[in-house]
Structure formats: structure tokens, C-alpha cells
Amino acid sequence: MKKIILLFLLVVPLALSAQTPWQAKWIADPNARDEPNAWYCYREDFFTGKVPARALAKIAIDTKYWLWINGRMVIFEGGLKRGPNSKDTYYDEVDIAKYLVNGRNTIAVLGWYFGKDGFSHISSGQPGLLFECITPEFKVLSDTSWKVIRHPAYGTCPPPLPNFRLAESSIKFDAGNDIANWYTANYSTVKWNNAKVMGPASAAPWNNLVLRPIPQWKDSKLLPYSSAPAFPFQSGKDTMIICKLPSNLQVTPYLKVEATEGKVIEMKTEDFNGGGAPNVYAQYVTRNGIQAYESYGWMNGQTVTYKIPAGVKVLELKYRETGYNTTFAGNFTSSDDFLNNIWQKSLRTLYITMRDNYMDCPDRERAQWWGDEVNESGEAFYALDTKSHLLFRKGMYELIGWQRADSTLFSPIPAGNYKDELPIQMLTSVGYYGFWNYYLNTGDKKPVADLYPGVRKYLKIWKRNDDGSVKFRKGGWSWGDWGTEIDMELMTNGFYYLALKGALNMAETLNLKDDAAEYRRDMQRIKTVFNTRFWDGTAYRHPDYKGKTDDRSQAVAVVSGIADQDKYPALLQVFKTEEHASPYMEKYVLEAMFQMGYADEAIARMKKRFGSMVNNPGYVTLFEGWGIGEEGYGGGTTNHAWSGGALTLLSQYLCGIAPLEPGYKLFQIVPNPGAVKIGSATVQSVRGVIKTSFENSAAGFNMTVLVPPGTEAVIGVPADQVVQISCNKHTVWSNKKPVDNTAVLKYLGRINDHILFRVASGSYIIKAVKKV
């Protein structure tokens with residue numbers, strides 16, 4: 001479609017709301033120490049003469065908690081990893097009213113203190129709990145009246161320990177030391193310690209408290225495996241039972257067995273060594289008799305393996321899926337099975353990399369690398385419901401919240417044991433495909449105002465050459481992509497241009513005219529350098545670069561708008577011959593080809609590069625590299641949503657759905673099908689469900705379109721050989737001009753390879769007849 005114009009107007013999300021002062025105090029076990037993988041039981045009884053209609057409890061903890069009211073589980077794994085910045089802590093709000101009764105009520109909290117840093121968590125150095133629920137009928141505040149004990153059954157599994165990137169530990173539970181039914185109302189805590197007050201709600205090391213900005217987890221409750229042996233099951237020898245899950249899921253494994261004491265049951269997924277480094281697993285040590293246990297530390301995989309010792313009778317094996325609370329609201333189908341498969345595998349990989357934050361992978365790291373997040377968030381706008389937007393928003397505030405005094409940005413964050421800046425990833429994050437894309441899809445302006453100063457400060461630390469190009473910055477790790485043939489100087493300038501483009505849109509949104517004028521000048525100077533000094537007649541190349549032509553950098557020149565249309569044929573030849581990008585950067589290459597109008601060539605490259613990954617029957621997810629293990633990159637995980645860019649492109653370009661104004665007030669449906677015969681897409685936008693489908697044949701091109709209330713759409717019909725167009729049975733275009741269309745739609749003209757119309761909300765059936 002030779003660049004159908006996508007008017008990306010970026011304005012960013014929400015702000016952190018003010019809160020009334022807390023009355024509760026931080027409490028802890030008086031014997032608590034800064035020790036990894038420590039579990040604590042907290043209890044409090046209180047009375048109410050009347051159950052209120054609403055009882056909002058505020059809960060903060062380092063690090064995770066499970067909440068029971070009167071013996072009923074209310075929250076399965078509450079709390080978020082720390083933190084919104086390097087000092088502060090998140091807290092939850094939970095309405096507990098429906099769990100209360102008239103008279104005596106019991107609150108029980110199981111707390112898991114990670115007690116160590118990771119790539120997505122910074123430890124406070126102190127276990128603690130903060131609980132507050134104030135209603136006209138009662139007041140419950142954490143204080144010295146609460147009872148607390150360290151749970152004696154919880155410990156740490158023997159080596160191999162999880163690699164240093166993970167703040168979580170592998171959980172061992174010795175049932176011989178269990179505190180049975182400690183969370184029920186009739187259990188006596190007379191021998192427990194009274195809690196020690198650690199300070200007010202704002203006390204160090206937890207400091208300011210920020211309301212949890214994302215939903216509580218989706219919880220499937222306990223489910224049977226897709227395949228498992230018949231129960232009861234017992235063997236005279238040690239046995240491995242492999243239970244199949246319906247997909248690659250985040251799960252907590254459950255067992256019910258009959259055994260003698262001291263038998264060790266191990267639970268592990270096939271992704272235990274995902275990415276090469278060990279991750280988490282679980283052990284359960286039996287007591288005498290019939291017993292049940294669920295290991296609360298989630299792990300991911302397509303199978304769960306139980307190592308059952310000889311003589312143990314297995315009565316039940318189940319799992320609980322938890323994960324980010326969103327639905328798969330978007331959809332894509334086509335007449336091409338490969339395209340359908342890569343879209344679905346991208347979706348599954350996207351969901352497995354969402355939880356406390358967007359992750360690079362759910363096994364090796366669980367880390368919010370922002371290069372990954374930019375790709376993932378773009379996929380979420382097309383595949384998931386609008387609750388998914390909040391996870392991107394959270395990450396945006398965290399990225400600027402962790403900005404250092406020297407104005408540099410870095411990820412992954414939250415970060416306890418990682419500190420390096422990856423300059424190109426940071427430019428990607430704050431730029432056109434990062435912060436601006438959030439605003440474009442959501443229409444949420446507040447984060448633009450809140451975060452723009454941090455974006456501008458970061459862009460200001462970059463230095464310029466005399467010709468206007470930006471100087472290369474090594475940062476902490478001068479990483480541009482996995483693989484070889486990386487023209488880092490060229491790539492740096494391309495992504496800096498994209499960052500300026502995002503900042504320009506933000507400045508214009510905030511009416512910062514001087515800033516906007518500065519960005520335009522800087523962008524023009526970089527574009528001039530690209531098209532004079534960096535263009536060699538066949539491709540872009542920095543004068544100091546000596547390797548093969550870098551396909552990634554050519555792609556960035558196209559998607560940023562640096563490359564003009566007269567260079568497209570030469571660049572297409574580059575994309576046909578050079579294949580150096582990783583699956584992460586391949587998204588930009590394929591997008592460039594779609595933008596230039598080469599849909600069939602883009603699909604052919606997609607199939608060639610992703611074919612072995614997508615067609616691999618053993619995996620429902622996409623890989624970090626083009627292969628697995630040594631054939632991959634960075635350890636070669638099989639769960640890397642940065643590889644899912646095809647999901648975005650098939651919905652955005654093949655089916656043509658994209659916002660033109662922030663929040664989808666105006667959007668386009670301008671399909672670029674190439675040779676694909678049938679296609680359809682659904683998007684859950686912030687203004688309602690958008691649907692489109694097409695049938696593409698030699699005789700004509702037919703579309704159906706659903707435009708939600710309160711919106712307008714630009715609809716584009718591929719113009720090749722079209723001689724007549726009708727909409728809802730009215731002829732609206734014939735003989736290269738509009739015909740009596742004012743009552744149906746507004747003709748906008750022919751732009752590039754499409755005939756465009758503007759329509760109000762409603763349902764439309766569009767039929768285009770081709771010259772045969």
C-alpha cells in the first residue's frame with residue numbers, strides 16, 4: 001500500500017492517584033531476619049455487629065501474600081514485586097465484604113518474603129505486612145494485636161538453585177512441620193508471637209505506597225490435567241508422571257497422596273532449564289496418611305512432571321493456572337494456515353510473558369526488558385482486551401520512575417541486581433513505538449504529561465555530530481540486537497529519529513511549541529544525513545561500518561519515515577537478500593516491507609524466517625532466536641514474545657486496522673492483502689469492538705466492516721483493476737470517480753494503492769468489481 005498514512009498521535013496513560021493517610025502500621029515477626037525464601041503466617045480476629053456493603057482492605061507486603069477470611073481464600077498470590085521506583089512499594093486494595101459474617105471474623109495472611117534481588121524485583125531487606133480496613137462498622141489495623149509465626153514447613157529446595165536473575169526461590173514444603181488449618185477460625189494462635197510494629201505506613205524500607213495499577217490475577221481454581229494416568233496410582237519403584245497442560249501456562253502444581261512420612265515428591269516443568277539457566281521447581285516431603293498440597297510458587301510449561309517415590313499412592317494430580325487478568329478479545333484468521341498459526345503462537349507467547357510486568361521470558365529471567373515490552377505491548381493492543389493496557393502503563397511509569405540522577409534510563413526494571421543502560425532499547429521505549437503508541441491506542445493523555453519531562457531529559461543526554469547526526473553512546477551495554485552484521489551507528493541514528501518522532505508528538509499534544517520546533521529541526525538534520533552521507537545508492541550504510549548490509553537499519557529508515565519512496569525498490573532487494581535480524585528486530589523488517597507495499601514479499605520472508613519455529617509441533621510458543629538452545633540467542637528460551645511481531649503486522653497491515661487519532665476516535669481499515677484470498681480481524685479498542693473481513697479474488701474485492709459507536713473510520717479498497725465499488729448496495733464509486741455517495745460515505749480520493757472513504761459508525765458491506 002506504499003505507505004498508507006497511519007497518523008500516530010501519541011499521548012500517554014494515567015497518573016498515580018493520591019490516597020488518604022494510612023492508620024495501620026507495618027508489622028513483622030519479632031524474630032524475622034533478612035533471609036531468602038521466608039514464609040510467615042499472620043492472623044487477626046475482630047468483631048462486627050453488621051456486615052457492611054463494602055469493606056475495602058488495603059494490603060502491602062514484601063513480597064507476596066495469600067489471604068483468607070473466615071477460612072475462605074480471598075486472594076491467591078496478592079502483591080507485586082518492588083517497585084514503582086528504587087525505593088517505594090506497591091499495595092493492593094481488596095473488597096472483603098462478601099467474606100465477612102456478623103460477629104467474630106478471622107483474617108489470615110500467608111506472606112512470602114523473597115529476600116533477594118532479581119531482574120524484576122528489589123528486596124526491601126525486611127519482611128513486613130501492612131493491613132488496613134476501615135468501615136463505619138469496624139476498623140482493622142495491623143498492629144501488635146496481630147499474631148505471627150514463621151511457617152516451619154517452608155524451606156528451599158536443594159541445588160540447582162534458580163539463577164541469579166530470579167528473585168523467586170524453589171519452594172520445599174515439609175508436611176511433617178505443617179501448621180494444619182492455621183488460617184481457619186477455630187485454630188488457636190495462643191502460642192504465636194505478637195507482631196512487632198516496624199513503623200508507620202511510610203516507614204523505610206518500604207517508603208511511599210503506590211496503589212497496584214493492574215488487576216489481581218486471573219485464577220482458574222484447581223483443574224485436572226489434559227492428560228495424566230488414572231488415579232489412584234501406585235508403583236513399587238520411583239516413577240515419573242508427566243502431566244500435559246492444555247497450553248504453555250503459568251501454573252501452581254497440586255497433589256493429593258497417601259504416604260508414609262519422609263517421602264520426597266518433586267514437581268518440575270519441561271522449562272526448568274528454559275534458556276539454559278535453572279529456574280524454579282518444587283519439592284514436597286510427605287507426612288503419614290492422606291494429604292494434599294499445592295506449591296504456591298508459579299512455574300511455566302506445557303507439562304508438569306511429578307517424581308513420585310516408590311510406595312506413594314497418588315490420589316489426585318491437578319494444577320491451577322494464574323496469570324494476567326485479560327481476555328483474548330482480538331482475533332485473526334485467513335485462508336493461509338501459516339499466517340493463522342503464527343498469529344496464534346504469537347498470542348500464546350504474549351500471554352505467557354505477562355504477569356507483574358511484561359517479561360522477556362517466564363522461565364530464565366521474568367525480566368522487564370523494554371525492547372521486548374515495546375513489541376509485546378503492540379501485540380496486546382490487537383490481541384487482548386483493554387485491561388492489558390494497564391500493564392504497559394505500569395511499565396512506562398516504572399521506566400521513568402527508575403530514571404537515574406544523570407538522566408539515563410535502563411532496564412530491566414524493577415531492578416535489584418541489574419544496572420546497565422541499553423541505549424537503543426531505551427530510545428525504542430520512549431519513542432514512537434513505545435510511549436507514543438500507548439497514547440495512540442488508549443487516548444490516555446495523563447502519562448504524556450507525567451512522563452514527558454523524563455523522556456526529554458533522556459534525549460538531552462545524547463550528543464550531536466557537526467552534521468546533525470547523533471553520536472553513538474555505548475551506555476552500559478551497546479546491544480542493538482542478537483546476531484551479526486549490526487551497523488550500530490546507523491541503527492542508533494534511526495532509533496534516535498524514532499525517539500524524536502515520539503517526543504515531537506508528545507510535545508505537540510502538550511502544546512509545547514518550542515520543544516516541538518526543536519525536535520523537527522533535529523529530525524530534519526538526521527534525515528538529511530541519512531539520505532546524503534549514509535545512502536550509497538543501494539542501501540543505507542554508516543561510513544565507518546565494514547560489514548554486510550544491515551537489514552535492521554534499512555527497516556528502521558523505512559518505518560521511521562526517513563526513507564523516501566524512490567528508495568523502496570533498492571531496499572526491497574536488500575530485504576530479499578540480507579537476513580541478519582533476530583526474531584525481535586525482524587518485526588521492523590517485515591513492517592517496512594508491508595509499509596512499502598510489498599505484502600507478498602513480506603509474507604514470503606516471514607514464512608522463510610519463522611517457518612521452522614512456527615511449524616514445530618512440539619511448541620505452542622515462539623523462541624528467543626531462530627532455533628533452540630545453542631541454535632538460539634542468549635540461552636535460547638522457547639517463550640519469547642519479542643518474536644511475535646507478525647501478530648501486530650497481520651492485524652495492522654494485512655487486515656489494515658490501525659488508529660489514526662488517539663483512542664481510536666478515528667481509525668483506518670485499509671487492508672493490504674497481497675495474494676491472500678480471505679482474511680478477517682477483530683480488535684477490542686477502547687471505543688468498542690472493531691471487525692473486518694475480506695474476500696480477495698480476480699473478479700473483485702469484498703469487505704465487511706463494523707465501526708463501533710462514537711467513532712469514524714477511513715476504509716480503503718485496494719485499487720488494482722477496480723472499476724466499481726458499492727457500499728450497502730449503493731454504488732459509491734465508478735469510472736474513477738465517486739457516484740452519489742454522500743448519504744453512505746465520504747469519498748477521500750485515491751492515495752497510493754487504495755481508494756479511500758470515510759464512514760461513521762455502523763456496519764458496512766463493500767463490494768469492489770475488478771476489470772476482468
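User: What makes R320 count as lying over the face of F76?

Analyst: The model is predicted: local features need pLDDT of at least 70 and side-chain atom pairs pLDDT 80 or more, while totals for chains, interfaces and linings use all residues. Residues are numbered from 1 along each chain as its sequence is written, and side-chain values use heavy atoms, leaving out hydrogens and water. A charge sits over a ring if NZ of Lys or CZ of Arg is within 6 Å of the ring centre and within 35 degrees of the ring normal. R320 lies over the face of F76 at 4.1 Å from the ring centre. The charged end of K567 likewise sits over the ring of W535, 5.3 Å from its centre.

User: Why is the pair W479 and W482 called edge-to-face?

Analyst: Rings of Phe, Tyr and Trp (its six-membered ring) pair if their centres lie within 6.5 Å; planes under 30 degrees apart are stacked, over 60 edge-to-face, and the rest tilted. A search of the whole structure finds 57 aromatic pairs. For W479 and W482 the centres are 5.5 Å apart and the planes stand at 85°, so the pair is edge-to-face. F76 belongs to an aromatic cluster that also includes W39, W66 and W112.

User: What makes W479 buried and W482 partly exposed?

Analyst: Buried means under 20% relative accessible area, exposed over 50%, and partly exposed in between, with a 1.4 Å probe and protein chains only. W479 has 6%, so it is buried. W482 has 22% and therefore counts as partly exposed. Buried residues make up 62% of the 772 residues in the protein.

User: Why does T326 count as buried, and which residue does its side chain join in a polar contact?

Analyst: The relative accessibility of T326 is 0%, so T326 counts as buried. A polar contact is a pair of N or O atoms within 3.5 Å; within protein, one must be able to donate a hydrogen and the other to accept it, and residues adjacent in sequence count only if both atoms are side-chain atoms. The side chains of T326 and D385 are joined by such a contact at 2.6 Å. T326 lies in the loop between β22 (313-323) and β23 (331-334); helices (H or I, at least four residues) and strands (E, at least two) are DSSP runs numbered from the N terminus.

User: Why are β5 and β13 called edges?

Analyst: Two strands pair if DSSP finds at least two bridges between them. Six strands form an open antiparallel sheet in the order β5-β4-β7-β2-β10-β13. β5 (72-78) and β13 (193-194) each have a single partner strand, so one side of each has no neighbour in the sheet. Four bridges join β4 (residues 64-69) to β5, and L67 stands opposite I75.

User: What pairs with β25, as β24 does in three bridges and β28 in four?

Analyst: Strand β24 (residues 657-659) runs antiparallel to β25, whereas β28 (residues 700-718) runs parallel to β25. A658 stands opposite Q668, and I669 has I715 as its bridge partner in β28.
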